[in-house]
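Work through the two exercises below with the sequence and the model open. Each task is followed by a solution in steps.

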Protein chains: 2
Amino acid sequence: MELWYIEEQTENIRFSVKVKRHFYTETSDFQQIDFFESYELGKFFSLDGIIMLTEKDEFVYHEMITHVALATNPSIKNVLVIGGGDGGTVRELTRYPHIEKIDMVEIDEMVVRTCKQFLPLTASKLDDERVTIYHEDGLKYIQGVRDAYDLIIVDSTDPIGPGEGLFTLLFYENCFKALKEDGILVNQHESPYYEKQAIEMRRAHQKIKKLFPISKVFQAHIPTYESGHWLFGFASKKYHPIDDFNKEKWESFKLKTKYYNPDLHLGCFALPTYVKEMLESC
Amino acid sequence: MELWYIEEQTENIRFSVKVKRHFYTETSDFQQIDFFESYELGKFFSLDGIIMLTEKDEFVYHEMITHVALATNPSIKNVLVIGGGDGGTVRELTRYPHIEKIDMVEIDEMVVRTCKQFLPLTASKLDDERVTIYHEDGLKYIQGVRDAYDLIIVDSTDPIGPGEGLFTLLFYENCFKALKEDGILVNQHESPYYEKQAIEMRRAHQKIKKLFPISKVFQAHIPTYESGHWLFGFASKKYHPIDDFNKEKWESFKLKTKYYNPDLHLGCFALPTYVKEMLESC
């Protein structure tokens, strides 16, 4: 007997993973949550049938969504993570001793609870004393917050289901207001390759670049996400991710990373021509 | 009725493409050749059940396997392509008017013939007057060739089946001898992500770096190859792909590209830490 997890990455493309067992399935108030143990990718979990992370490649996503910002402004002290219930983003943030406060707003308590139970690799630092978890809608949480954070990381699902509000203009406007005058917004920015994700990528960029004086996009290889070509947004009121890149300071932290490094910090902003053109035409 | 092409990227990972029709299948003296028309990726073809190219993403592979070398030494005049029967690499090379001679050694005449028939997008320049096609084993062809080429591009299949000899030390030694004193070798270098391809990637690098004074690796996003994270080798007797990068000269050619660009030339050599460590430990 063989058991295969099959994901519809588009209507016409499927990605399949041979699994040892499907050991958890539950529907929360927001989405269907499933955990699997696989032969090739370690444990992984999906929300509404989309892989959120696998033990094999989660380091790419979580390193890239945090360290690019921290190496641009190494003085970041107050961070807001929206989404990120698996804890991987918080894990990377807690590696900086000088970060004082990490607020995480994850709408779905069940995601946090199950990740703590099944994925200690990512969730183990959610109990760090600097971390406060709010089980609220990120869109609501941020309304009325002013001048409070050095960094906001939007570690959301795709803009379907509970993640939808986190791709709206209203949300990005509120992020702008919630950031300090030198604040940085990093968001998962979908993929440029299949039309299904590229549409969302363009929509997000169009909104963010209207609001922030500096708005750049960087890329990473995340094999278990659609097409493996994934983007992140870097938007800022003051810091430019390349001109203000503080390599020496970041290296002084002596963090051991598996994907991110100072050369790649510069390299990841060098986008393919077709992606640049998509972003410029937004 | 639905028709799906299903590729085993590893024993435990499958990539599936919904197809409109499977319009050609034949077994040559060397391998099984299949052509498909798909909904998402245009036409594509496979050799022994592995996708070689799709109309949607072939530009990534073919631009990266040629332009990085041509922008490092823009005076390249004599080129040898080993493999590359689909013609995509030759197509990119013929865009440089100053290239005088392109020899292509493709063992399987049937690949060339079917690509000319079904994939004019890639094969249309195989009739360029500067191109000579030899239907021979690349390993044999190159024996005894001395000091003849400015650039050798190894556009091979994986090291299983007819491509196997193109990953041997003997072959790389002969490439070294067949290159002029300032010659460059570019080869498709497999993927670092799944163990199956990473083993071959390390084996190839280990051999090449013993022979060439300069041996670097660069990366690209090729969504329809295993993991989407693909590597190329750049080995050279004289030119360093970053220190000798001739941006101004390359820009003067005014080539319109969809993936490659001068910023990305520099960025694509910035590898993830885990890949750097794999290569350094070879």
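**Exercise 1: the sheet of chain A**

In this predicted model, seven strands of chain A make up an open sheet with mixed pairing, and their order is S8-S7-S6-S9-S10-S12-S11.

Task. Find which strands stand at the edges of the sheet, then describe how S11(A) pairs with S12(A) and what packs on the sheet there.

Solution. 

1. Strand S8 (131–134) and strand S11 (214–221) of chain A each have a single partner strand, so they stand at the edges, and one side of each has no neighbour in the sheet.
2. From one strand to the next, the twist averages 15 degrees.
3. Between S11(A) and strand S12 (residues 229–236) of chain A there are eight bridges, and the pairing is antiparallel.
4. Phe218(A) has Phe232(A), in S12(A), as its bridge partner.
5. Helix H7 (residues 195–211) of chain A packs on the sheet and touches strand S10 (179–188), S11 and S12 of chain A. The direction of H7 makes about 10 degrees with that of S12(A).

**Exercise 2: the two chains**

Task. Determine by what turn and shift chain A can be laid on chain B, and name the relation.

Solution. 

1. In chain A, Gly267(A) has the C-alpha nearest the axis, 1.8 Å from it.
2. Both copies use the same surface: of the contact residues of chain A, 100% recur in chain B.

Terms used:
Residues are numbered from 1 along each chain as its sequence is written. Chains are lettered from A and ligands numbered from 1 in the order in which they are written. This is a predicted model: local features need pLDDT of at least 70, side-chain atom pairs count only at pLDDT 80 or more; totals for chains, interfaces and linings use all residues. Copies are superposed by least squares on the C-alpha atoms of residues with pLDDT of at least 70 in both. Two residues are in contact if their C-beta atoms, placed from the backbone, lie within 7 Å. Two strands pair if DSSP finds at least two bridges between them. Helices (H or I, at least four residues) and strands (E, at least two) are DSSP runs, numbered from the N terminus. Axes are lines fitted to C-alpha atoms, for helices over the stretch in contact, and angles run from 0 to 180 degrees between N-to-C directions.
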